[in-house]
Amino acid sequence: MASEELAQKLQRRLLLEESGVAAEGDELEAEVPAPSEAGEEERSCLTASAGAELSAKLARRHDINEGAAQPRRAAVFNPYTEFKEFSRRQIKDMERMFRLYDSGRDGYIDLMELKLMMEKLGAPQTHLGLKNMIKEVDEDFDGKLSFREFLLIFHKAAAGELEEDSGLLTLAKLSEIDVSIEGVKGAKNFFEAKVQALSSASKFEAEIRAEQDERKREEEERKHRRAAFRELKSAFTQ
């Protein structure tokens with residue numbers, strides 16, 4: 001029954017093609033290729049897909065080399081879990097500094113904003129020097145610094161991964177952020193670093209509790225001020 005129905009549809013399609021009329025979509029879908037043909041078609045699709053992916057990667061690499069690559073949207077990240085070597089206060093200080101020089105308010109520090117930052121820090125750089133600074137941590141090749149890439153500056157400085165003449169090391173040293181430049185949190189050897197790593201979790205929790213206590217204290221002060229204002233207002237309305 002199924003074969004007869006398929007034969008009828010194929011015959012109808014031939015008649016429609018001979019008359020110059022296109023067959024309807026649901027009738028065209030009834031044509032099922034033989035297993036060998038299906039396998040060849042699948043392999044052809046996979047080859048085409050792989051070729052397209054490789055072509056896209058090569059094209060992006062060419063754009064990067066030519067300086068015409070479009071920036072990609074940065075993945076959402078948690079600075080407190082990714083940069084565990086820094087305390088919450090240190091990361092907040094870095095974020096405050098980043099926002100201060102992100103004059104465009106677009107979440108990035110571009111070359112001109114970095115130029116202004118280095119001038120404010122008293123260490124002006126040449127145009128080429130600024131480009132090299134960005135290039136050292138520019139993981140997505142967009143020619144500017146995201147907040148994560150900005151944190152990488154201090155991460156590399158603390159880990160001793162920057163050259164002495166690096167503009168990024170100068171930035172880290174001249175910033176007013178209390179970050180040691182000798183290894184992770186100033187640890188002089190592996191064992192000190194191990195102890196500090198073990199105590200970082202409890203310190204992190206203590207900082208969160210301190211922030212929560214501070215917010216509670218501010219909220220209590222606001223409540224007292226509102227109560228005092230209501231008492232003063234009622235005294236005048238009597």
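1. Contact here means heavy atoms within 4.5 Å. On that basis Leu111, Leu114, Lys115 and Met118 of helix H6 meet His127, Leu130, Lys131, Met133 and Ile134 of H7. Helices (H or I, at least four residues) are DSSP runs, numbered from the N terminus.

2. On sources: this is a predicted model, in which local features need pLDDT of at least 70 and side-chain atom pairs count only at pLDDT 80 or more, while totals for chains, interfaces and linings use all residues. Residues are numbered from 1 along each chain as its sequence is written, and side-chain values use heavy atoms, with hydrogens and water left out.

3. The axes of H6 and H7 come within 10 Å and cross at roughly 105°. Axes are lines fitted to C-alpha atoms, for helices over the stretch in contact, with angles from 0 to 180 degrees between N-to-C directions. H6 and H7 are therefore roughly perpendicular to each other (the term covers 65 to 115 degrees).

4. H9 spans residues 167-174, and Gly167, Leu168, Leu169, Leu171 and Ala172 are its buried residues. Their cover includes H5 (88-101), H6 (111-120), H7 (127-137) and H8 (147-158). At the start of H9, a side-chain oxygen of Ser166 lies within 3.1 Å of the backbone nitrogen of Leu168.

5. The axes of H8 and H9 come within 9 Å and cross at roughly 90°. That makes H8 roughly perpendicular to H9. Phe150, Ile153, Phe154 and Ala157 of H8 make the contact with Leu168, Leu169, Leu171 and Ala172 of H9.

6. A nonpolar core is a set of buried Ala, Val, Leu, Ile, Met, Phe, Trp, Tyr and Cys residues joined through side-chain atoms within 4.5 Å. The largest one has 34 residues, and those with the most contacts inside it are Met97, Leu114, Met117, Phe150, Phe154 and Leu171. H5, H6, H7, H8 and H9 are the elements that give two or more residues to this core, and the largest share, eight residues, comes from H8.

7. Phe150 touches Met94, Met97, Phe98, Ile109, Met117 and Leu171, residues up to four places away in sequence not being counted.

Terms used. Buried means under 20% relative accessible area, exposed over 50%, partly exposed in between (1.4 Å probe, protein chains only). A polar contact is a pair of N or O atoms within 3.5 Å; within protein, one must be able to donate a hydrogen and the other to accept it, and residues adjacent in sequence count only if both atoms are side-chain atoms. Angles under 35 degrees count as roughly parallel, over 145 as roughly antiparallel, 65 to 115 as roughly perpendicular and the rest as oblique.
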